[in-house]
Amino acid sequence: MVEAGGELRAPYRHVGAWLNEQTRGALRRKREEADTIFRRLGITFAVYGAQEASERLIPFDIIPRILSAGEWRRLERGIEQRVRALNAFLEDVYHRQEIVRAGRIPMELIVRNDAYLPAMGDFTPPRGIYAHIIGVDLVRTGPDEFFVLEDNLRTPSGVSYMLENREAMMRMFPEHFATQRIAAVERYPEHLRATLEAVAPPACDGEPTVVVLSPGIHNSAYFEHAFLADQMGVQLVFGTDLFIDEGTLFMRTTRGRERVDVVYRRIDDDFLDPLTFRPDSMLGVVGLFDLYRAGRVTIVNAPGTGIADDKAIYSYLPEIVEFYTGQPPLLGNVPTWRCGEPDALRYVLDHLDELVIKEVHGSGGYGMLVGPAASKRELARFRTLLKARPGNYIAQPTLALSTCPAFTGSGIAPRHVDLRPFVLIGDRLRITPGGLTRVALKKGSLVVNSSQGGGTKDTWVLED
Amino acid sequence: MTMLGRTAASLFWMCRYMERAENLARLLEVGYRISLTPGIGGHRNEWRSTLVSAASLDSYLARYGEAEEVDPQRVVQHLLFDPGNSSSVHACLEAARNNGRGVRTALTRDMWEGRGKTTGGVEAPRP
């Protein structure tokens, strides 16, 4: 919020002034108000492994994170370039693999990857789009410096929090929205529906029927599945509501069966179809994948997109962007060492206490080491893990992540944040202005994941 | 938009479990009143018949064992709060709650909040 010299940065002018006028008591009351709003809305998040009744709220911080129009425009250009390259990469990986033939990426990285699905080979989904819904995780390290931390192309989540955060902020601080021009995010469900309908399968004539396929009420993101289905005005289904007959996907309704054309699935690839993938899956639909390849139903995002958000592939993203767009990337990657390479491994082991080590196939902030914050024992443990399976890890420098003021137990204090804008690709490419800001609520912590105590903020992109 | 078959089923069962919970609560109240009134042949413990009416005698005996007279405190506990008793008010409300969760998009916001408030409110009181 403030420049190096202590001056209030331009986008925060109004909010900064407002914050100065608030007492701690007033801010606390506002936060309680936010909690009440969220409880009523029922936005809960189930944490796996939690012992007690596992529904709880994700902590929400009432101080918004603000970006100027100019900052956002620059980010948008970089994001658009990146997601187009990622989709081109996916198309290539499942067809001629030109990028491998050109020697830019080692073949093993693709074919030995669990997320690579040979079953998707030689098939082109509608409009040639594989990843329709993408969450790009960004971090800021300087006034004009943003890096992409991670891409999420499988079943990115968090958009419901973005929408409900905005809803809560508009209710609590209408005066801010009246006096500043803050880019709207409310149309996301409308845009999502348009995106899904735009990729109806070739066999569909007339208006496509879209459903949201959820693994069930015990899934940690169930709230979001229900929320999005509700907001889009489409059915929320479980695998058991669907069946296939005569080469068509149907859902069971009180009036008999109804055809389904597009499935927005929030189920992992592995569990989608026991006939093609894991045979023990109870969550998917038998025969769904065959139907998909036959062009009689569309699955969003396409199966097999995980190959592009793998942490090992991430380190090749600059090459990928250049290969498919002919341009250098506008948005940079965080410098990444691939521990599977001997030189890199040597460097990493020598500098272990300065680096962040992540599992290639990890997620949710688990299985990672933050060198500077780690105990001697943790460092030693990771040293062993690295030497045993170096190819399982990548390393990145600890970044001086930007902070944003948050209302903490001890008043307003800086906390590290990241940003996840959401991208939709269907009839058009659309990027939500801002996105979800995740904040590490523990002082000094860099871990923003909600499953490990992170919270969220509303993100405001000011219009000119 | 037509309703999914599962939605119709869940809505039915959600309401049915709410009904059962309410009926059981009333039954308990009646049993309590009767226990305060001297019956034919002096004061008798009516709680056993309450358990029978609630189809919970077997589960009660399995949990607490046979006794000359059933203990009123335990009966109340068993019929209201015991998660191990599938007929208890708590169990019925939990079942209603879970049925409601699965059909979240079919419930109005008021219904959803009410569901949360009611089911969240029934927990054994701490000593």
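How many bridges join S14(A) to strand S17 of chain A, and in which sense do the two strands run? Two bridges join them, and S14(A) and S17(A) (residues 393-397) run antiparallel. Strands are DSSP runs of E with at least two residues, helices are runs of H or I with at least four, and both are numbered from the N terminus. Two strands count as paired if DSSP finds at least two bridges between them.

## Basis of the model

This is a predicted model, in which local features need pLDDT of at least 70 and side-chain atom pairs count only at pLDDT 80 or more, while totals for chains, interfaces and linings use all residues. Residues are numbered from 1 along each chain as its sequence is written, chains are lettered from A and ligands numbered from 1 in the order in which they are written, and side-chain values use heavy atoms, with hydrogens and water left out.

The model scores ipTM 0.78 and pTM 0.87. For chain B the mean pLDDT (the predictor's confidence in each residue, from 0 to 100) is 84, and 87% of its residues reach 70 or more. Within chain B, helix H1 (residues 5-36) has the highest confidence, at a mean of 92, and helix H6 (residues 109-121) the lowest, at 73.

## Strands of chain A

S14(A) and S17(A) belong to an open sheet of four strands, in the order S14-S17-S15-S16, with antiparallel pairing. Strand S14 (337-338) and strand S16 (369-370) of chain A are the edges, each pairing on one side only. Trp337(A) stands opposite Ala395(A) in S17(A).

Elsewhere in chain A, strand S20 (residues 422-425) pairs antiparallel with strand S4 (residues 133-142) over three bridges, and Phe422(A) is the bridge partner of Gly135(A). S20(A) also forms a hairpin with S21(A), with three residues between them. In that pair, Val423(A) stands opposite Ile431(A). Phe422(A) and Leu424(A) point one way from S20(A), Val423(A) and Ile425(A) point the other way, and all are buried. Buried means under 20% relative accessible area, exposed means over 50%, and partly exposed lies in between (1.4 Å probe, protein chains only).

## Nonpolar cores

A nonpolar core is a set of buried Ala, Val, Leu, Ile, Met, Phe, Trp, Tyr and Cys residues joined through side-chain atoms within 4.5 Å. The largest has 103 residues, of which Ile79(A) and Tyr188(A) touch the most other members. Helix H3 (residues 69-93) of chain A gives the most to this core, with nine residues. A second, separate core of 25 residues includes Leu19(A) and Leu57(A).

Leaving out residues up to four places away in sequence, Tyr188(A) touches several residues, including Ile133(A), Phe422(A) and Leu424(A).

## Salt bridges and the interface

A salt bridge is a side-chain nitrogen of Lys or Arg within 4 Å of a carboxyl oxygen of Asp or Glu. The count over all chains is 34. Arg73(A) and Asp464(A) form one, with the closest N and O atoms 2.9 Å apart. Arg73(A) lies in helix H3 of chain A and Asp464(A) in the segment after strand S23 (454-461), 391 residues apart. Arg73(A) is partly exposed at 40% relative accessibility, and Asp464(A) is exposed at 69%.

Between the chains, 24 residues of chain A are in contact (heavy atoms within 4.5 Å) with 17 residues of chain B. One salt bridge crosses this interface: Asp241(A) meets Arg6(B) at 2.7 Å, N to O.
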